[in-house]
Amino acid sequence: MSEKTKPYALITGASKGIGKSIAYELAKQGYPLLLVARSEDELKALSDYLKVKYGTNASALSIDLSINGASLKVTNWIKMNNYPVGILVNNAGYGVWGDFSQSSLNDQLGMMQLNMNVVVELSHLLIPILSQQKEAYILNISSTAAYPAVPTLAVYSATKAFV
């Protein structure tokens with residue numbers, strides 16, 4: 001498959017860690033990229049670097065996916081720009097560490113929104129776009145914290161078990 005025929009890969013949480021590593025690997029293979037994360041400066045730097053290093057198209061959208069309606073905004077961005085997405089990497093996520101009774105309820109709910117709801121929302125919203133490709137893939141990134149009971153990461157572990 002030549003670069004011109006490869007579909008776009010959408011990577012959430014692309015500015016750091018696993019998401020950034022996946023962006024590097026897909027860029028090396030010639031995939032055009034849609035990079036999504038909160039950190040605009042890091043996304044722009046990554047996008048610029050991948051364009052120069054691998055000659056791939058790498059567009060970026062800075063958005064906080066933990067906010068209700070963000071998945072729809074990402075989908076509208078894709079549709080508005082007619083990006084032929086064939087790979088969805090649901091990688092964005094975060095954990096709230098500490099004594100549950102002492103942690104912020106808003107932080108816990110935001111983590112649940114991002115780690116579970118966004119995975120379902122983006123998958124559901126993008127399946128019609130993905131299905132337009134000859135081959136399409138969804139990669140959901142979880143965590144080894146999904147398997148043990150982790151007292152100071154109880155809700156995080158549960159969200160990753162969900163994934």
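User: What makes the pairing of the side chains of Gln113 and Asn117 a polar contact?

Analyst: This is a predicted model, and every value here is computed from it. In it, the side chains of Gln113 and Asn117 are joined at 2.8 Å. A polar contact requires a pair of N or O atoms within 3.5 Å, and the value of 2.8 Å meets that limit, so the pair is listed as a polar contact.

User: Why is Gln113 called buried?

Analyst: Gln113, which is found in helix α4, has a relative accessibility of 7%. The word buried is used for values under 20%, and because 7% falls under that limit, Gln113 counts as buried. Leaving aside residues up to four places away in sequence, Gln113 touches Leu65, Ser66, Asn68, Val118 and Glu121.

User: What makes Ser103 buried rather than partly exposed?

Analyst: Ser103 belongs to the loop between β4 (85-90) and α4 (105-130), and its relative accessible area is 19%. Since buried means under 20%, the value of 19% places Ser103 in the buried class. Beyond residues up to four places away in sequence, Ser103 touches Val96 and Gln108, and with Gln108 there is also a side-chain polar contact of 2.8 Å.

User: How do you know that Gly98 is buried?

Analyst: Gly98 is likewise found in the loop between β4 and α4. Its relative accessible area is 16%, which is under the 20% limit, and therefore Gly98 is buried. Its contacts, not counting residues up to four places away in sequence, are with Pro151 and Thr152. Gly98 and Leu153 are 55 residues apart in sequence, and their C-alpha atoms are 6.7 Å apart in space.

User: Which residues does Trp77 touch, not counting residues up to four places away in sequence?

Analyst: Trp77 touches Leu10, Leu34, Val36, Ser59, Ala60, Leu61 and Tyr83.

User: What makes Asn82 exposed, and what is noted about its phi?

Analyst: Asn82 lies in the loop between α3 and β4, and its relative accessible area of 65% is over the 50% limit, so Asn82 is exposed. Its phi is positive, about 55°, although Asn82 is not a glycine. Most residues other than glycine have a negative phi.

User: How do you know that the span of helix α1 agrees with its number of residues?

Analyst: Helix α1 (residues 17-28) has 12 residues, and at 1.5 Å a residue it should span 16 Å. The expected span takes one less than the number of residues. The end C-alpha atoms of α1 are 17 Å apart, which agrees with that expectation. After α1 comes Gly30, with a positive phi near 90°.

User: Why are the buried residues of α1 said to line one face of the helix?

Analyst: The buried residues of α1 are Gly19, Ile22, Ala23, Leu26 and Ala27. Viewed down the helix axis, these residues fall within an arc of 130°, and so they line one face of α1. Their cover includes β1 (8-12), β2 (33-37), α2 (40-54), β4 and β5 (137-140).

User: Which residues of helix α5 are buried, and what do they pack against?

Analyst: In α5 (residues 154-162), the buried residues are Val155, Tyr156, Ser157, Thr159 and Lys160, and they pack against α4.

User: How many cavities of 30 Å³ or more does the structure hold, and what gives the most to the lining of the largest cavity?

Analyst: The structure holds 2 such cavities, and the largest cavity contains about 60 Å³ of space. Helix α4 contributes the most to its lining, with 5 residues. The lining residues include Thr12, Asn90, Leu114, Val118, Ile141 and Lys160.

How values were computed: Residues numbered from 1 in each chain as written. Predicted model: local features only at pLDDT ≥ 70, side-chain atom pairs only at ≥ 80, totals over all residues. Heavy atoms only, no water. Helix = DSSP H or I, 4+ residues; strand = E, 2+ residues; numbered from the N terminus. Buried < 20%, exposed > 50% of the residue type's maximum accessible area, 1.4 Å probe, protein only. Polar contact = N/O pair within 3.5 Å; in protein donor to acceptor, adjacent residues only side chain to side chain. Contact = heavy atoms within 4.5 Å. Arc of directions from axis to C-beta. 1 Å grid on protein atoms, 1.4 Å probe; cavity = no way out; pocket = protein on both sides within 12 Å on 5 of 7 lines; lining within 4 Å. Points joined across faces, edges and corners; volume = space filled by probe spheres on them.
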